[in-house]
Each structure stands twice: as structure tokens, then as C-alpha cells.
Amino acid sequence: MSTLTPRERVLNLFAGKEVDRPACYSGMGNVTTVALEEIGCKFRDLHGDAKKMAQAGASSYHLFGYESAVIPFDLCVEAEALGCAMNPYDNVEQLLYPTIKEKAIHTEEEITTFSIPDDVLERGRINVICEAIRLLKKDIGQEVAIGTYLLGPFTLAGQLMDLNDLFKLSFKKPDKINHMLDRLADVQIAIGRKFYEAGADYITVREMGATTDILSPRAFNNVIAPHLKKIFAGLPGNNVLHICGGTNSVIGNMNDCGAAAVSLEFKNDMAKTRAEIGPDPLIFGQVDAYSVLVTGKPEDVVKGVLASLDAGVDAVWPGCDIWPTAPLENLKAMVETVREHGASRWVRKRA
Amino acid sequence: MSQEILDRLKQGVIDYDEDAVSDAANEALAQNVNPHSAVFDGLVPGMVEVGRLYEEQEYFVPEMLMCADAMYAGLNILKPHMSKKEGASRGVVVMGVVQGDVHDIGKNIVRMMFDASGFEVHDLGRDVPLDKFVEEQLKTDSDMVCLSAMMTTTMVGMKEIIEKIKEKNPKCKIMIGGAPVTSDIASRWGADGYARDANNALKDAINMIASLKSIS
């Protein structure tokens, strides 16, 4: 039997040290409706309450054995700190993820002039996240890795201003957009440092607004990659870069951004990816978070996990936030399959 | 002469050149080119070519949005001059992005094709409460309802809307679309059709229109 704790397994993997098998965890949100029932609250009650957030974060370890606890569960934290208003859908019966209802940038001029508050690190829910990290650290921080995430600057910009305008101006006036994204990269570095200081073991930077069915590889080079590079250079730690969708046309650039690992979803053809970037970079993924984990059967999950292992991932994790109705038996099957087959099917060890 | 103007309308859309399209549209009117022909033989073929370029990954979303602006520049000039008969609605469509989702680019592109093709479009916008779709369908007695979701986390709301609409008006066609939607999900939830992903939004919009035509 292995003597590694889940946390050691995750951290050793980042550090390039010996581990027995790929870890099974996630860089994104993993709350389930079962967990919400146990905590006795609604999804919407998690976002502003550090204690409930921490409880929900710990549930992926307690309920199905993920080797991590990840908070928060929405994508509005930074935009709120920068002055946007978030909609938690308080009066809606069904479970919804919060969105931004009021943008901070309204005109083309404001793209370069919008103000970043001096005390941005004290605003919105940033201290709630830090408190939840500290609570998790105290609770299960010895056993599992504590993770959180940040948005990539482009994705964040899409919350601060109209998305249509952002896309068009990225093409027509890239200098203006780059100016804004450079400033947002500084904000993300500062917030990320604060999360690490609070005790986060790793941070996933989610640049999902920059998928390849939206932006050309050329645009990725011009307006996405420079700012991701800045973040990873300025934020020491176990950073993961996640981009959804088919990422093969930008995988070389993603790999050059300087993150400790890249996270890919199932639409990435891993054989091509390994052929391009080689066997060394850490790749996490690539289990389908909806069609396998939510609507699949446990045997589909086993298949999905084995496919990810055979494709050459170094940690098995979902390609997105887990939709809360994912059945526990599926999530347990995910973890058990990695425990059972991870060591023998790990491409890195077989090579 | 008229072919030259049609070509300019088409090329202006492809080149996302709003000014060129506006100029060509005004000239078309000045030279008595049939406005209906200017739209369907000039602007629309331009957008079809844009769709092809998008599918071949020569164009991406920013380019497509700029082409759409050019298309609307022409459409806004030409539409008021289309005769009543030509301008008669080919069908009524209710569309919107489901609650919890604020990503409306795919929906807007599909909407544009409906606009251009002479449908009466009731666009509910984005982040639309589920019941609003049902209400609007009943109010307008629309032939079709188009639902869009760009995230897995919001897609699930579509199921309920489809059930409610079909319950009240089984004849209404329902199309769903957006990045996470699959044909499997569409058929399981009882939708009549779906747009595969952002890459195919435009093409699928054209297909939807074609399929509606064959229905009527």
C-alpha cells in the first residue's frame, strides 16, 4: 500500500517527485446535490458564506474521495471585486450558477481608463474565498490538496464588458484590448498571491473564453498568451492552465505560457498533443464532466477514466465544473478506477 | 450592372466592410435593383460564404461578428424598401438564451439569418426565465422556439421549457443549440432539432430555415 497522502501525491506530481500513480482530483468546482443536502443549504447560499463554502469544498473528498478540495463554485469573484454586480438568482427555484448582471466597462473609452480600486483585494468576496481556504486548510489540509481558481484575463474581460465588443475589438483594436488585459493580469497575480498566502496548494487559471472555436490561433498568440505568460511568471506556485474545447491548434502556445501543468477536456486529441509538446509536460484531464459524469453509467465513467489514462494524462480530472446532479456512484467510480488502474496504465511510467 | 452591385454586397459582407455594404445598398436602391434580390442574392450569399470560412477555420467569432455588422448595415437600408408581399413574414420565431446564461453570440448569429430571411423574430435576449419562453410562444403563436445555452450548467433548463411548450402547443417546433448541446440530448429532451456548436450555428440556422420551409 502506498504511504502517500492525497496531498503529497498532488504536490509531488507538481514538484516532479516520485509518485505511485496519477492523482484523481480537479481544478474546478465539484459540489454535488448530495453534499448540498448534507450541509442543508441551497447552491446559492454557498457563494458568500466561507463556512458553507468550505464544507461544500470538502465534500468531494468526504463523499467520493477526490484528492483535493476546491472552492469557490462560481466564476464571478474577480469581476465583483472590480465593481460588477453579480446575480445569484435568489428567486429562481432551479439551481443556477451566478452570472454578472451589471458590467463595469460600458464604453470603448473605458476599456483603457476603467479604474482598478487600490483595495481590490479587500473587495467583493475575495476575503470570503481566503477564509474558506483557511477553514479547509485547518479541516482537511493535512490530507488533501486545497485548490482554487482564477479567470484568465480575457475571460475576466468578457465579464467586465460586452462580449460582442470584446471579440470585435480584439480584432480591430488589439492594442486597446491588450492594454486592458495587461492590467487585469496584474489584478489576477495579486489575487492569486493572496489565495496562496491563505493556504491554497494550487491554482487553476481558467481561460475558457479563449477557446479555439471562438478565437483564431493567431488571436491566441496576440491577445491571450502574453497575459497568461505574465500571470504565470508573476505568480509563483502550482499553477494549472485550463482551456476548454478543442485545444490542439494552440496546445504548443498553451504549453509555453509557463504553467506547471495544462488541463484539457476530452475534445483535445491527446495523441497529437503529446506528439507536439512531448512526454514531459504535466497534463491533467480529460473526463467529460457532463455526458460521462452526469448522464453516463458507472461503466461509462470507468471507460472515460481509462481512456484518459491511456491518452497520457498525469492526473485524472473532469474537463469542467461537475454539474451538481452527477450521481455519487459515478464520482466514486472515477476515483476507484484511478486507484485501481492508475499505476499500471500511467503512460509516463510505462515509457 | 445589377450583378455588379450584388457582388459588391456579397463581398462587402465577406470583407466585414460596413461602409462598402452601405454604399452598395444605397446604390442598389438608386438603380432600382429589387431590394429583395439585393438581400437574397447579395447579402445572404455573403453570409453563407462567411459561414463556410468559419467552418474552415479561416474566420473565427470576431470576424463573423464584424461580417454580421456589415450584413445588418445593408439589411437596415434595404428592408424598408421591400414590398409588402416580399416582406411578408415566412414564419414566427421566438428565441433566446436560457436563464443563467449570458452568452448570446451564437443566438445573435442565428437570429441574423432569420432576420435576413424574412422571419418575424421575437428575440427575448439572454438570461431569459424559463416561463418567459412559454408565455411568449403562446402570445405570438410562433411556429418555432429556438433555445440557446453556451454552458453545460445552464443547458439543463432547456428540458423543462421544451416539456412545457410541447404540452401547451405540440405543433410548435423547438430547436436547441449551443456548445454543450448534442443531438442525443436534443432528442432525449424532445426537441425537433439542434445546432451542433458555435462552428455550425450559421449553417444550422440556414438548415433550420430550409426545414421550416419544407414544413410549411
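**Figure 1. Helix H8 of chain A and the elements that cover it.** In this predicted model, the buried residues of H8(A) are Leu163(A), Leu166(A), Phe167(A), Lys168(A), Leu169(A), Ser170(A) and Phe171(A). They make up seven of the 10 residues of the helix, which spans 163-172, so H8(A) is largely enclosed by the rest of the structure. The cover over these buried residues includes helix H7 (153-160), H9 and helix H10 (217-234) of chain A. Chain B contributes to the cover as well, through H4 and helix H6 (105-116).

**Figure 2. The side of chain B that touches chain A.** The contact involves 19 residues of chain B and 23 residues of chain A. On the chain B side, H4 and helix H8 (152-155) each supply at least two residues. H4(B) provides the largest share, five residues. By class, this side of chain B has nine nonpolar, seven polar and three charged residues. For the complex, the predictor gives an ipTM of 0.86 and a pTM of 0.92.

**Figure 3. The open sheet of chain A.** Eight strands with parallel pairing are arranged in the order S1-S10-S9-S8-S7-S6-S5-S2. Strand S1 (23-24) and strand S2 (68-70) of chain A are the edge strands; each has a single partner strand, so one side of each is left without a neighbour in the sheet. S1(A) pairs in the parallel sense with strand S10 (residues 315-318) of chain A over two bridges, and Ala23(A) stands opposite Ala315(A) in S10(A). Helix H9 (residues 174-198) of chain A packs on the sheet, where it touches strand S5 (145-151) and strand S6 (202-206) of chain A. The direction of H9(A) makes about 165° with that of S5(A).

**Figure 4. Two cis peptide bonds in chain A.** One is the bond from Ile71(A) to Pro72(A), with omega near 0°. Pro72(A) lies in the loop between S2 and helix H4 (77-81) of chain A. Another cis bond joins Gly285(A) and Gln286(A), with omega about -15°. Gln286(A) belongs to strand S9 (residues 282-287) of chain A.

**Figure 5. Domain 1 against domain 2 in chain B.** Chain B is divided into domain 1 (2-86) and domain 2 (89-215). In the contact between them, 14 residues of domain 1 meet 10 residues of domain 2. Helix H3 (35-55) and helix H4 (61-78) of chain B are the elements giving two or more residues to the domain 1 side. H3(B) gives the most, with eight residues. The domain 1 side has 12 nonpolar, one polar and one charged residues.

**Figure 6. Positive phi at two loop residues of chain B.** Asn32(B), in the loop between H2 and H3 of chain B, has phi near 60°, a positive value in a residue other than glycine. With 8 C-beta neighbours inside 10 Å, Asn32(B) counts as exposed. Asp127(B) has phi near 55°, also positive in a residue other than glycine. Asp127(B) sits in the loop between strand S2 (120-123) and helix H7 (130-140) of chain B. This residue is buried, with 20 other C-beta atoms within 10 Å.

**Figure 7. Confidence along chain B.** Chain B has 11 helices and five strands, and 54% of its 216 residues count as buried. The mean pLDDT of the chain is 87, with 88% of its residues at 70 or more. Among the elements of chain B, helix H2 (residues 18-30) has the highest mean pLDDT (97) and helix H11 (residues 201-215) the lowest (61). Where pLDDT is low, the predicted coordinates should not be read in detail.

Methods. Residues numbered from 1 in each chain as written. Chains lettered and ligands numbered in written order. Predicted model: local features only at pLDDT ≥ 70, side-chain atom pairs only at ≥ 80, totals over all residues. Domains from an automatic or database assignment. Contact = placed C-beta atoms within 7 Å. Helix = DSSP H or I, 4+ residues; strand = E, 2+ residues; numbered from the N terminus. Nonpolar A, V, L, I, M, F, W, Y, C, P; charged D, E, K, R; others polar. pLDDT = per-residue confidence, 0-100. Pairing = 2+ DSSP bridges. Axes fitted to C-alpha atoms, helices over the stretch in contact; angles between N-to-C directions. Buried ≥ 20, exposed ≤ 12 C-beta atoms within 10 Å, placed from the backbone.
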